Amino acid sequence: MVDYESDTMGYLDITFGPKWDYIPLSRNFIENFLNVNMTDRDCIEKITMSTSELLENAVKYSHMDGIRTKIRKDKEKPEIIVKVYNSVKKEDVQKLTKYIDELNAASDPFEFYVMKIREKRDRGGLGLARINCEGRGKLSVKYFPVNDLYGYIEVTSVFNVNNTIQ
Amino acid sequence: MGLTIGTVNTSGVEIKVVDTSVVFSGSIDCANPNEFLTPFLTELHDKIMKSGIKEIKFDIRKLSFLNSSGIKAIADWILKVDALDMSQKYTIVIMTSTEYKWQESSMSTLVYLGPGFIKKVSE
């Protein structure tokens with residue numbers, strides 16, 4: 001049965017195999033969904049870019065098949081919520097959670113992003129810093145264990161939006 | 001006097017050098033854009049230094065998407081120019097399109113990395 005999302009003004013749910021080639025395809029679906037719901041081109045591109053960065057991370061770090069993306073327009077608040085799910089090794093979750101906490105605690109998202117760009121050795125996380133700075137998305141992560149070694153993560157990014165189409 | 005560098009055509013993007021302009025078209029959204037961007041930008045930098053050219057255009061008006069890995073590769077080149085003595089630095093004029101809103105914010109960050117030698121022109 002369809003996993004219906006209630007309390008939304010519209011949603012899109014996409015699942016694909018962990019293959020990089022499907023990211024642009026998913027990005028186009030997301031952008032079209034936003035075009036139906038919003039008029040602010042700047043905001044549409046920020047959310048589309050952010051979702052693409054989340055999908056890149058999901059494909060890079062997915063332990064098994066199946067990347068799921070859910071995007072919805074909130075019924076009560078002027079928000080677009082993007083959730084990306086992928087399987088993950090438990091040992092990788094703590095690092096990601098710590099990094100997202102660090103991002104959210106940064107007093108200046110721009111300075112944090114510039115610091116990541118300037119890093120001589122790529123330690124990952126630039127895409128998330130970009131979402132936080134350029135995309136203005138509020139990031140969070142949840143872990144759902146399957147066993148002692150593996151589980152799923154849900155990475156959420158919330159965007160405040162204006163000029164949505166009712 | 002122009003630059004002679006072979007056109008890059010890979011992974012959905014074309015990068016060609018016309019005279020002293022680097023022109024992008026397509027999108028950069030592959031997993032490792034540094035694999036083609038870094039050698040290309042290294043060759044570009046070396047040839048600019050050798051030729052004594054003092055200004056180049058970096059035209060991304062037809063670039064529809066650029067992922068963070070691509071931004072990192074371009075930023076590394078800019079940081080290399082920033083590390084030069086003032087007399088050796090060359091000006092980079094980034095040409096953006098108002099059609100793609102992401103270009104404004106992404107390129108503003110790159111301009112910040114190169115104070116004084118990077119300009120952004122929107123059309």
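Mentor: Let us begin with the largest nonpolar core, which has 55 residues; A:I47, A:L55, A:V84 and B:I74 touch the most other members. Helix α2 (residues 41-61) of chain A gives the most to this core, with seven residues. Please bear in mind that this is a predicted model.

Trainee: What does B:I74 touch, not counting residues up to four places away in sequence?

Mentor: B:I74 touches B:L37 and B:L110. In general, nonpolar side chains tend to be buried together in soluble globular proteins.

Trainee: Why is α2(A) called roughly antiparallel to α5(A)?

Mentor: Helix α2 and helix α5 (residues 126-135) of chain A pack at an angle of about 170°, with their axes 9 Å apart. Angles over 145 degrees count as roughly antiparallel, and therefore α2(A) is roughly antiparallel to α5(A). The crossing of these two helices is left-handed.

Trainee: Which residues make the contact between α2(A) and α5(A)?

Mentor: From α2(A) come A:K46, A:I47, A:M49, A:S50, A:E53, A:E56 and A:N57, and from α5(A) come A:G127, A:R130, A:I131, A:E134 and A:G135. By class, the residues of this contact are three nonpolar, four polar and five charged.

Trainee: Why is α2(B) called roughly parallel to α3(B)?

Mentor: Helix α2 (residues 68-82) and helix α3 (residues 102-113) of chain B pack at an angle of about 25°, with their axes 9 Å apart. Angles under 35 degrees count as roughly parallel, so α2(B) is roughly parallel to α3(B). The crossing of α2(B) and α3(B) is right-handed.

Trainee: Which residues of α2(B) and α3(B) meet?

Mentor: B:I71, B:I74, B:A75, B:I78, B:L79 and B:D82 in α2(B) meet B:S106, B:L110 and B:L113 in α3(B). The contact has seven nonpolar residues, one polar and one charged.

Trainee: How many residues of chain A are in contact with chain B?

Mentor: In chain A, 19 residues are in contact with 16 residues of chain B. Elements giving two or more residues to this side of chain A are α1 (22-37), α2, α4 (109-118) and α5. Of these, α2(A) gives the most, with seven residues. The residues of this side divide into eight nonpolar, two polar and nine charged.

Trainee: What makes A:R136 partly exposed?

Mentor: A:R136 has 18 C-beta neighbours inside 10 Å. A residue is buried at 20 or more and exposed at 12 or fewer; A:R136 therefore counts as partly exposed. A:R136 is found in the loop between α5 and β4 (138-145) of chain A, and its phi is near 55°, a positive value in a residue other than glycine.

Trainee: How do you know that B:S11 is partly exposed?

Mentor: B:S11 has 16 other C-beta atoms within 10 Å. This count falls between the limits of 12 and 20, so B:S11 is partly exposed. Its place is the loop between β1 (8-10) and β2 (13-18) of chain B, and phi of B:S11 is near 50°, again a positive value in a residue other than glycine.

Trainee: Why is A:D40 called partly exposed?

Mentor: A:D40, in the loop between α1 and α2 of chain A, has 15 other C-beta atoms within 10 Å and is therefore partly exposed. A:D40 and A:N162 are 122 residues apart in sequence and 7.2 Å apart in space, C-alpha to C-alpha.

Key: Residues numbered from 1 in each chain as written. Chains lettered and ligands numbered in written order. Predicted model: local features only at pLDDT ≥ 70, side-chain atom pairs only at ≥ 80, totals over all residues. Core = buried A, V, L, I, M, F, W, Y, C linked by C-beta atoms within 7 Å. Helix = DSSP H or I, 4+ residues; strand = E, 2+ residues; numbered from the N terminus. Contact = placed C-beta atoms within 7 Å. Axes fitted to C-alpha atoms, helices over the stretch in contact; angles between N-to-C directions. Parallel < 35°, antiparallel > 145°, perpendicular 65-115°, else oblique. Left-handed = near helix turned anticlockwise from the far one by under 90°. Nonpolar A, V, L, I, M, F, W, Y, C, P; charged D, E, K, R; others polar.
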